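The sequence and structure come first.

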Amino acid sequence: MRKTLTVLIAAGTLLGAAACSAPQMTSEETCSRVKAITTSPTSNSDKFGMTRLANQIRPIEATASEELQAPLQSIVDYLDESAKKNPDQAKLEELKAQYTAAGQKLSQTCGAAQ
(Lines give C-alpha, C1' and ligand atoms only; values in the text may rest on other atoms or scores of the structure.)
Protein backbone atom coordinates (compact mmCIF):
# COMPACT_ATOMS: atom_id res chain seq x y z
CA MET A 1 0.00 0.00 0.00
CA ARG A 2 2.78 2.40 0.91
CA LYS A 3 4.66 1.68 -2.33
CA THR A 4 1.52 2.25 -4.37
CA LEU A 5 0.91 5.57 -2.65
CA THR A 6 4.51 6.62 -3.26
CA VAL A 7 4.22 5.73 -6.94
CA LEU A 8 0.96 7.68 -7.27
CA ILE A 9 2.45 10.73 -5.58
CA ALA A 10 5.52 10.57 -7.81
CA ALA A 11 3.35 10.22 -10.93
CA GLY A 12 1.22 13.18 -9.85
CA THR A 13 4.32 15.28 -9.26
CA LEU A 14 5.69 14.40 -12.69
CA LEU A 15 2.40 15.22 -14.38
CA GLY A 16 2.23 18.50 -12.52
CA ALA A 17 5.77 19.38 -13.53
CA ALA A 18 5.06 18.46 -17.14
CA ALA A 19 1.95 20.63 -17.14
CA CYS A 20 3.88 23.59 -15.74
CA SER A 21 6.49 23.39 -18.47
CA ALA A 22 4.05 22.78 -21.32
CA PRO A 23 2.98 25.81 -23.34
CA GLN A 24 -0.63 26.89 -23.14
CA MET A 25 -2.72 25.72 -26.07
CA THR A 26 -5.03 27.88 -28.14
CA SER A 27 -8.78 27.28 -27.99
CA GLU A 28 -8.61 25.57 -31.38
CA GLU A 29 -5.89 23.16 -30.20
CA THR A 30 -7.80 22.50 -26.99
CA CYS A 31 -10.99 21.74 -28.93
CA SER A 32 -9.14 19.43 -31.26
CA ARG A 33 -7.70 17.40 -28.39
CA VAL A 34 -11.03 17.25 -26.53
CA LYS A 35 -12.83 16.09 -29.68
CA ALA A 36 -10.20 13.40 -30.23
CA ILE A 37 -10.84 11.81 -26.83
CA THR A 38 -14.60 12.28 -26.68
CA THR A 39 -15.14 10.58 -30.03
CA SER A 40 -13.09 7.54 -29.07
CA PRO A 41 -15.03 4.33 -28.43
CA THR A 42 -13.65 4.16 -24.87
CA SER A 43 -15.75 7.15 -23.78
CA ASN A 44 -18.50 5.06 -22.15
CA SER A 45 -21.13 6.21 -19.72
CA ASP A 46 -20.32 3.51 -17.14
CA LYS A 47 -18.19 4.30 -14.08
CA PHE A 48 -15.02 2.94 -15.63
CA GLY A 49 -15.61 4.97 -18.80
CA MET A 50 -16.23 8.13 -16.80
CA THR A 51 -13.02 7.66 -14.84
CA ARG A 52 -11.08 7.00 -18.02
CA LEU A 53 -12.54 10.07 -19.73
CA ALA A 54 -11.76 12.29 -16.72
CA ASN A 55 -8.19 10.99 -16.69
CA GLN A 56 -7.84 11.78 -20.39
CA ILE A 57 -9.19 15.32 -19.92
CA ARG A 58 -6.90 16.20 -16.97
CA PRO A 59 -3.70 16.77 -18.99
CA ILE A 60 -5.64 18.74 -21.59
CA GLU A 61 -7.18 20.94 -18.91
CA ALA A 62 -3.74 21.68 -17.47
CA THR A 63 -2.56 23.30 -20.72
CA ALA A 64 -5.91 24.36 -22.19
CA SER A 65 -6.63 27.88 -23.32
CA GLU A 66 -7.71 30.18 -20.50
CA GLU A 67 -11.31 30.30 -21.67
CA LEU A 68 -11.62 26.49 -21.65
CA GLN A 69 -9.77 25.61 -18.44
CA ALA A 70 -12.74 26.26 -16.13
CA PRO A 71 -15.25 24.34 -18.28
CA LEU A 72 -12.89 21.37 -18.53
CA GLN A 73 -12.35 21.42 -14.76
CA SER A 74 -16.13 21.41 -14.24
CA ILE A 75 -16.43 18.38 -16.51
CA VAL A 76 -13.67 16.54 -14.65
CA ASP A 77 -15.28 17.35 -11.28
CA TYR A 78 -18.64 15.99 -12.44
CA LEU A 79 -17.12 12.84 -13.93
CA ASP A 80 -15.11 12.20 -10.76
CA GLU A 81 -18.16 12.50 -8.54
CA SER A 82 -20.32 10.41 -10.90
CA ALA A 83 -17.73 7.64 -10.97
CA LYS A 84 -17.68 7.21 -7.20
CA LYS A 85 -19.19 4.04 -5.78
CA ASN A 86 -21.68 6.09 -3.76
CA PRO A 87 -21.79 9.63 -5.18
CA ASP A 88 -23.12 12.45 -3.00
CA GLN A 89 -26.43 13.23 -4.73
CA ALA A 90 -26.57 16.84 -3.52
CA LYS A 91 -23.05 17.53 -4.74
CA LEU A 92 -23.79 15.69 -7.99
CA GLU A 93 -26.82 17.91 -8.66
CA GLU A 94 -24.73 21.03 -8.02
CA LEU A 95 -21.97 19.76 -10.30
CA LYS A 96 -24.49 18.74 -12.97
CA ALA A 97 -25.49 22.38 -13.53
CA GLN A 98 -21.83 23.35 -13.92
CA TYR A 99 -21.25 20.32 -16.17
CA THR A 100 -24.13 21.36 -18.43
CA ALA A 101 -22.87 24.94 -18.63
CA ALA A 102 -19.36 23.65 -19.38
CA GLY A 103 -20.69 21.47 -22.18
CA GLN A 104 -22.49 24.46 -23.67
CA LYS A 105 -19.33 26.58 -23.45
CA LEU A 106 -17.30 23.84 -25.17
CA SER A 107 -19.93 23.45 -27.91
CA GLN A 108 -20.07 27.19 -28.43
CA THR A 109 -16.29 27.67 -28.49
CA CYS A 110 -15.39 24.52 -30.39
CA GLY A 111 -18.18 24.96 -32.88
CA ALA A 112 -16.91 28.47 -33.64
CA ALA A 113 -13.27 27.26 -33.78
CA GLN A 114 -13.84 25.09 -36.84
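## Contact of α2 with α4

In this predicted model, S27, T30, C31 and V34 of helix α2 meet E67, L68 and L72 of helix α4. By class, the residues of this contact comprise four that are nonpolar, two that are polar and one that is charged.

The axes of α2 and α4 come within 9 Å and cross at roughly 30°; because angles under 35 degrees count as roughly parallel, α2 and α4 are therefore roughly parallel to each other. The crossing in which α2 passes α4 is right-handed.

## Contact of α3 with α4

Helix α3, which spans residues 47-63, and helix α4, which spans residues 66-83, have axes that come within 9 Å and cross at roughly 155°. The two helices, α3 and α4, are therefore roughly antiparallel to each other, and α3 passes α4 in a left-handed crossing.

On the α3 side the contact is made by K47, M50, T51, L53, A54, I57, R58, I60, E61 and A62, and these meet Q69, L72, Q73, I75, V76, L79, D80, S82 and A83 of α4. Eleven nonpolar, four polar and four charged residues make up this contact of α3 with α4. L72 of α4 belongs to this contact, and L72 is also listed where α2 meets α4.

## Contact of α2 with α3

For α2 and α3, the axes come within 10 Å and cross at roughly 175°, and that makes α2 roughly antiparallel to α3. T30, R33, V34, I37 and T38 of α2 form the contact with L53, Q56, I57, I60 and T63 of α3, and the classes represented are five nonpolar, four polar and one charged.

## The largest pocket

The largest pocket holds about 230 Å³ of space. Its lining consists of 15 residues, of which V34, T38, I75, Y99 and L106 are the closest to the centre of the pocket. Two or more lining residues are given by each of α2 (27-38), α3, α4 and α5 (89-113), and the largest share, five residues, comes from α5.

The lining of this pocket divides by class into ten nonpolar, four polar and one charged residues.

Terms used: Residues numbered from 1 in each chain as written. Predicted model: local features only at pLDDT ≥ 70, side-chain atom pairs only at ≥ 80, totals over all residues. Heavy atoms only, no water. Axes fitted to C-alpha atoms, helices over the stretch in contact; angles between N-to-C directions. Helix = DSSP H or I, 4+ residues; strand = E, 2+ residues; numbered from the N terminus. Parallel < 35°, antiparallel > 145°, perpendicular 65-115°, else oblique. Left-handed = near helix turned anticlockwise from the far one by under 90°. Contact = heavy atoms within 4.5 Å. Nonpolar A, V, L, I, M, F, W, Y, C, P; charged D, E, K, R; others polar. 1 Å grid on protein atoms, 1.4 Å probe; cavity = no way out; pocket = protein on both sides within 12 Å on 5 of 7 lines; lining within 4 Å. Points joined across faces, edges and corners; volume = space filled by probe spheres on them.
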